[in-house]
Structures are given as structure tokens and as C-alpha cells.
Amino acid sequence: MMPLRAILILGAMLAGQAAGAVELDLTGLEDCGTVTAQGAIGGARFTTNGGQVVKLALVKAPELWKKGDPYRSWPHAEAARDALIALTDGQEISLYCEGGKTNREGELVAHALLADGRWLQHVLVEGGNVFVFPRPTRRRGLETLYRTEDAARAEGKGLWAYDNMKTVDALGSGVRTGWFQIVEGSVVAANQVGTTLYLNFGEDWRTDFTVEIPSTALRHFGKAKIDPLTFEGRRVEVRGWIDFKGGPRLLLQGPGQLRLMKDKTAQ
């Protein structure tokens, strides 16, 4: 009889093939070698048989905390980890890096291709097990993953079935400090003060929701040839941790956390 884990892996492979594979454009990526996966840490990190932790580029999984930790795991966190294990455990994974190979934790940050050629990030996003959340210097494949995420969100797959991942209105009561949120709204004003740029979503910038783009992030916007000052009057979606600075604030790390959206009032 086939072991349960092998059945899960086979089922995931067949499901991906039925849905149609989406290829990763390897242009500009560096071949970072092939590893054998052995276990997972949450839904976006797996470990290799050599003890290396691989962080999947461009995506974030629901946060998973152990029993006794001071924080509670997000909904779908265990299911996301199990999905990653089912796809990777014991499998040879080909890795491709963009920019710096490792993060501050010493984890190898990479795109991953499964043995059958499928792009692991895409498979996980498609199933609603992870969501798009890129670091500032990593953009290869970002637009494709966002389109795939939109489809998963529309169908309420995986983590998108839970209220904590629902998009909140920038001026509504759903914006909560201390939480990771996806926020959407119209930019009332875009102003640069010194080396920092602010996107204001309400008439009173002292109390309403604000996106702050510091100088380090502005450099990444410049490299991507994106001018945040042109966002005034546009509807945008941003994602990240909300803190408090006069009013609720989201401090952007780079352009991948922000998307221009269609103006619903113009439809």
C-alpha cells in the first residue's frame, strides 16, 4: 500500500498538472543548486537534509507558532505547512536566487522548482496556502504571482477563507494596529517631506491611515522606475504590518507591497 505522504505528494502533482503549469522566467536569476527537502518550518520555509533553511522568495505563509509561544498561530498556518511538506519532503528541489542569496537569519532565499518542473511558489499561491509578500530587491515573477493570488482570493481558497486576510478599507474601522493587513483605498495626497514620502488616505493626515515610504524604500521604487508621487488620486492596495504614528500607519519596505487598483467609483 502506498504511504499516506506519497499519496499526498502524488495528488498535489496531478492537481498541478491538471490546472496547467506556469513556468518561472529564469532570466536574471542565479542557479543556486539542487537540494533535497526534509521537513518544513511553516508554509514558506523548508529544511534540507543538510540542515539549510530555504525561504521561498516573494511569498509569506500564515504565521505558525509552537505551543507555549507568546503568540497564536494564524488561521490555516498548519494546513499551509502540511501542503509544503506534501509537495517537497524527500524531493529534489532546484533553487534560483535573485539578488542576495541569504537573509539576515542566514536562510537561503530562492525560487524553487519541483522535480516535475513546477514552480513551487506558484503552486502554493494557487492553492491559497501562501500570499504574495516580496522583499524590496526581489521582483522576478511578482506580477504572475499577484494574478494567481487574485484568482485564489476570488475563490476563497485556503487562507483567503478567513477574516484576518480580508482586505480592509483604508478609512474604515477594520484597520487595526499591531496586525498584518491588506488595506485598500484612494490616495488623497502624496507628499515628500525631506527623504520620506507619505501617501495620505484621509483629509486629516494626523489621524487617518497613512503609508510611509522611507528613503531606503524610495531607492527601490526608483530602481523599479516607479514614482509614488504619481499615486495621488489613484486607488491602491498595500500590505504589511500596521503600527501607530498619530494614526494607523504602514511603513513600506519596497514597491512590491503596493499595487495600483481599478477605481471602483469609475466603473
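The centres of domain 1 and domain 2, taken over C-alpha atoms, are separated by 26 Å. Domain 1 spans 30–161 and domain 2 spans 167–260 in the protein chain, with bounds from an automatic or database domain assignment. This is a predicted model in which local features need pLDDT of at least 70 and side-chain atom pairs count only at pLDDT 80 or more, while totals for chains, interfaces and linings use all residues. Residues are numbered from 1 along each chain as its sequence is written, and side-chain values use heavy atoms, with hydrogens and water left out.

**Extent of the interface**

- In contact (heavy atoms within 4.5 Å) are 17 residues of domain 1 and 16 residues of domain 2.
- About 1,300 Å² is buried between domain 1 and domain 2, and carbon and sulfur atoms give 58% of this area; buried area is the accessible area (1.4 Å probe) that two parts lose on being put together, summed over both.
- Within domain 1, Phe133, Pro136 and Tyr146 lose the most area to domain 2, and together they account for 40% of what that side buries.

- Three salt bridges are counted between domain 1 and domain 2, each being a side-chain nitrogen of Lys or Arg within 4 Å of a carboxyl oxygen of Asp or Glu.
- A salt bridge joins the side chains of Asp150 and Arg259, at 3.0 Å from N to O.

**Elements on the domain 1 side**

- β7 (131–132) and α4 (142–155) are the elements that give two or more residues to the side of domain 1 that touches domain 2; helices (H or I, at least four residues) and strands (E, at least two) are DSSP runs, numbered from the N terminus.
- The most is given by α4, with five residues.

**Aromatic pairs**

- Eight aromatic pairs are counted, for rings of Phe, Tyr and Trp (its six-membered ring) with centres within 6.5 Å; planes under 30 degrees apart count as stacked, over 60 as edge-to-face and the rest as tilted.
- The rings of Trp74 and Trp241 have centres 6.0 Å apart and planes at 65°, so this pair is edge-to-face.
- Because Trp74 lies in the loop between β4 (59–60) and α2 (77–88) and Trp241 in strand β13 (residues 235–245), the pair ties together parts 167 residues apart in sequence.
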